[in-house]
Amino acid sequence: MTITAISDRELWERACAGDPEAFGVIFDRHSRAVFNHLSRRTASWVEAEDLTSVVFLQAWRHRNGVTLDRDSALPWLLGIARNTAANGGRARRRYQALKERLPTPSPVPDHAQDVADRIDEERALVALRESVARLPVHERGVIELCVWSGLDQQAAAIALGVAVGTVKSRLHRARRRLGDDLREHAPSSRNSHAVAEETS
């Protein structure tokens, strides 16, 4: 005899002994009937699906405390379904009552322009990094130290181990190259133009 031909009572005994396959057969047999019951109670297929899961979870959790007095587990499962639907209805009513007591929310400000500005700034930063990466290595160093890190030319000279005059000339050339590169590679970004002006 296959497991699907066994009565609910025997399947329940196996489930109580910890056999999940036996409980799975009970689910397959009765989940549609439980769902139909709940869908009529709730008038919502989505909610009925959720509550059907709750019913069988409760049945599994409490299986050891229940002895079937007939061959079908459906009456007991529908009893759980009724209680579950009733509890769900109370929860919905509490939620609706709470929602009605809440003050009307204030209008949410439109952050679209802020988001657009931030995206534009991020694009400008990417363009700047790419332009700096195209500079000669010795010019890149002075931009990173003087422009990005804010060092004065003397401090940058110490960091690089070169004369202050060298830093000054490199910085002048780097700013010119960087401005030209940004205007060439990021012509559509207003923030890129602003960065180009700042580094010039």
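**An all-helix pattern, its salt bridges and its rings**

Read from one end of the sequence to the other, the protein chain runs α-α-α-α-α-α-α-α-α. That pattern comes from nine helices and zero strands, where helices (H or I, at least four residues) and strands (E, at least two) are DSSP runs numbered from the N terminus. The model is a predicted one, with local features needing pLDDT of at least 70, side-chain atom pairs counting only at pLDDT 80 or more, and totals for chains, interfaces and linings using all residues. Residues are numbered from 1 along each chain as its sequence is written, and side-chain values use heavy atoms, with hydrogens and water left out.

The protein chain has 200 residues, and 33% of them are buried; here buried means under 20% relative accessible area, exposed means over 50%, and partly exposed is whatever falls in between (1.4 Å probe, protein chains only). The accessible surface of the protein chain comes to about 13000 Å², with 53% of that belonging to carbon and sulfur atoms; the areas come from the Shrake-Rupley method with a 1.4 Å probe, and for residues only the protein chains shown count as cover. As for contacts (heavy atoms within 4.5 Å), take those in the protein chain with a separation of 6 or more: residues 24 or more positions apart account for 55% of them.

Next, the charged pairs. Side chains of opposite charge can pair when their charged atoms come close. The structure holds five salt bridges, each being a side-chain nitrogen of Lys or Arg within 4 Å of a carboxyl oxygen of Asp or Glu. One of them joins Arg29 to Asp8, with the closest N and O atoms 2.6 Å apart. This pair links distant parts of the chain, since Arg29 belongs to helix α2 (residues 20–42) and Asp8 to helix α1 (residues 8–16), 21 residues apart. Arg29 is partly exposed at a relative accessible area of 32%, while Asp8 is buried at 4%.

Another salt bridge is formed by Asp181 and Arg134, whose closest N and O atoms are 2.7 Å apart. Asp181 lies in helix α8 (residues 164–185) and Arg134 in the loop between α5 (112–133) and α6 (137–148), so parts that are 47 residues apart in sequence are tied together. Asp181 counts as buried, with 12% relative accessibility, and Arg134 as partly exposed, with 42%.

Glu139 and Arg173 also meet through their side chains, in a salt bridge of 3.4 Å from N to O. Because Glu139 sits in helix α6 and Arg173 in helix α8, the pair ties together parts that are 34 residues apart in sequence. Glu139 is buried, at a relative accessible area of 1%, and Arg173 is partly exposed at 28%. Salt bridges with shared partners also bring in Arg177, so to speak, joining Glu139, Arg173 and Arg177 into one network.

The rings come next. A search of the whole structure turns up five aromatic pairs; rings of Phe, Tyr and Trp (its six-membered ring) pair if their centres lie within 6.5 Å, and planes under 30 degrees apart count as stacked, over 60 as edge-to-face and the rest as tilted. Among them are Phe23 and Trp60, with ring centres 5.1 Å apart and planes at 70°, so this pair is edge-to-face. Phe23 lies in helix α2 and Trp60 in helix α3 (residues 45–61), so the pair ties together parts that are 37 residues apart in sequence. Phe23 is buried, with a relative accessible area of 10%, whereas Trp60 is partly exposed at 27%.

Phe27 and Phe56 make an edge-to-face pair as well, at 4.7 Å centre to centre with 70° between the planes. Here too helices α2 and α3 are involved: Phe27 lies in α2 and Phe56 in α3, so parts 29 residues apart in sequence are tied together. Phe27 counts as partly exposed at 33% relative accessibility, and Phe56 as buried at 5%. Ring pairs link Trp12, Phe23, Phe27, Phe56, Trp60 and Trp76 into a cluster.

The charged end of Arg63 sits over the ring of Trp60, 3.6 Å from its centre; a charge sits over a ring if NZ of Lys or CZ of Arg is within 6 Å of the ring centre and within 35 degrees of the ring normal.
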